[in-house]
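Hello,

Here is the structure I said I would pass on. Please open it alongside this note.

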Amino acid sequence: MTFQDLNLNQHIIKAVEDKPYKTPTKVQEKAIPAILSGNDLLGCAHTGSGKTAAFALPILQSLSKLPVILEGPKLIRSLILAPTRELAIQIGESFEAYGKYLDIKIGVVYGGITPKQHIKVLKREPSILIATPGRLLDLIGKGYADLSKVEIFVLDEADKMLDVKTLQDIKTIISKLPNVRQNILFSATMPEDVMKIVHSILKNPVEIDDKSTSPMGANIKQQVYFVEEPEKTSLLLFLLENKSYESVLVFTRTKKRADKACKAINIQNIRAKAIHGDKNQSERLKALELFKNKEIKVLVATDVAARGIDISNISYVINMNIPNVPETFIHRIGRTGRAGISGMAISFCSTEEKNFLKKIEELQGKSIEVINNTIPVK
Ligand code: AMP
């Protein structure tokens, strides 16, 4: 199948042709026709499967067909909610790229920078708004964002968005949307407790469950080292120094641990930066930029970076801890092995974490190769 077979207009096809890829991914093949025909959609697909384009292309197509209102303020017609600022920015960039030959305004709003800038964004009257929930609620509260004309609503990383911490915010935002609208939910994982809420939002959705290309598939090699907490930093440094690792994303459970690991790596003269919730927005963006441009070799992150961040050619993900939520592990390792390229995920597991590892193996339906730790620990 080609993108031409998907009934997209020539402006969108032209923008896609500027990209290096020529054929739609499985998720795109299934999602694009479903969205174009106006159905609600529930997509269980991991990041790296091309899911942003799977909703961005048909949304651009649908909005470009809508009649242009010549008088009065132009209101938001599609709202995309994402859990993190970085992901919101990235989705915004995708919309800009795929919509560059269309006359559709796109706005992105997220926390961490002054609201003034976002008020400007909204005053430009975007038809498509990509937002993180907290900042959007602020702007709604101050009367800058009107969601009463939203026709297509997208929740990206839906499982994250519908967890207890953000559920109320999402419900409030949904209450501002018109009752008649198209809903699109995408998530890499779909825990059972979230499914109930998902089905209260969606109406007769087309369901796509793309397990065939999930990160549990063949293109991410997984290994685990059994190593106790105090020895984990030494093992990390050993691997970074002794293997020809390029573009390594290291995950830690806490911000403190991320800073500590980053410092230890820098001392070995390996260029690394840390990103987590205590870093301000410009530091986080700068670190991501340096990592994307291969100016630093290692990025150490807490799970704030696990959601959807698309950095091509991350060759290794190293988990300094085993997450207690198995789905978090899937998100983390999904940062490598993206868009069909193979990757490697290495995890450090202490005795206390063995139960978490078991849960992850159960979720994946396979055990992870154990590497015997014969490394001289300093
Ligand atoms: P996503 O799953 O949206 O995070 O996308 C992951 C990566 O896949 C991004 O770098 C996209 O540019 C890329 N991508 C999107 N569509 C395709 C496609 N049809 N073929 C290959 N790569 C794609």
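Below is what turned up, starting with the pocket and moving on to helix packing.

Please keep in mind that this is a predicted model.

The largest pocket

The largest pocket holds about 1200 Å³ of space. Its lining counts 47 residues. Nearest the centre are Lys160, Asp163, Lys165, Asp303 and Val304. By type, the lining splits into 18 charged, 15 nonpolar and 14 polar residues.

Where does the pocket sit relative to the domains? Domain 1 (3–213) and domain 2 (220–371) both supply lining residues, so the largest pocket lies between them.

Several helices take part. Those giving two or more residues to the lining are helix 6 (133–141), helix 7 (158–161), helix 8 (164–175), helix 9 (192–201) and helix 13 (326–333). Helix 8 contributes the most, with five residues.

Helix packing

Two packed helices are described by the angle between their axes and the distance between those axes. Two pairs are worth a look.

Helix 6 and helix 8, both from the pocket lining, pack at an angle of about 45°. Their axes are 10 Å apart. Angles between 35 and 65 degrees fall in the oblique class, so helix 6 and helix 8 are oblique to each other. Helix 6 passes helix 8 in a left-handed crossing.

The other pair is helix 3 (residues 51–65) and helix 4 (residues 85–98). The angle here is about 50°, and the axes lie 10 Å apart. Helix 3 is therefore oblique to helix 4. The crossing of helix 3 past helix 4 is right-handed.

Best wishes

Note on methods. Residues numbered from 1 in each chain as written. Predicted model: local features only at pLDDT ≥ 70, side-chain atom pairs only at ≥ 80, totals over all residues. Heavy atoms only, no water. 1 Å grid on protein atoms, 1.4 Å probe; cavity = no way out; pocket = protein on both sides within 12 Å on 5 of 7 lines; lining within 4 Å. Points joined across faces, edges and corners; volume = space filled by probe spheres on them. Helix = DSSP H or I, 4+ residues; strand = E, 2+ residues; numbered from the N terminus. Nonpolar A, V, L, I, M, F, W, Y, C, P; charged D, E, K, R; others polar. Domains from an automatic or database assignment. Axes fitted to C-alpha atoms, helices over the stretch in contact; angles between N-to-C directions. Parallel < 35°, antiparallel > 145°, perpendicular 65-115°, else oblique. Left-handed = near helix turned anticlockwise from the far one by under 90°.
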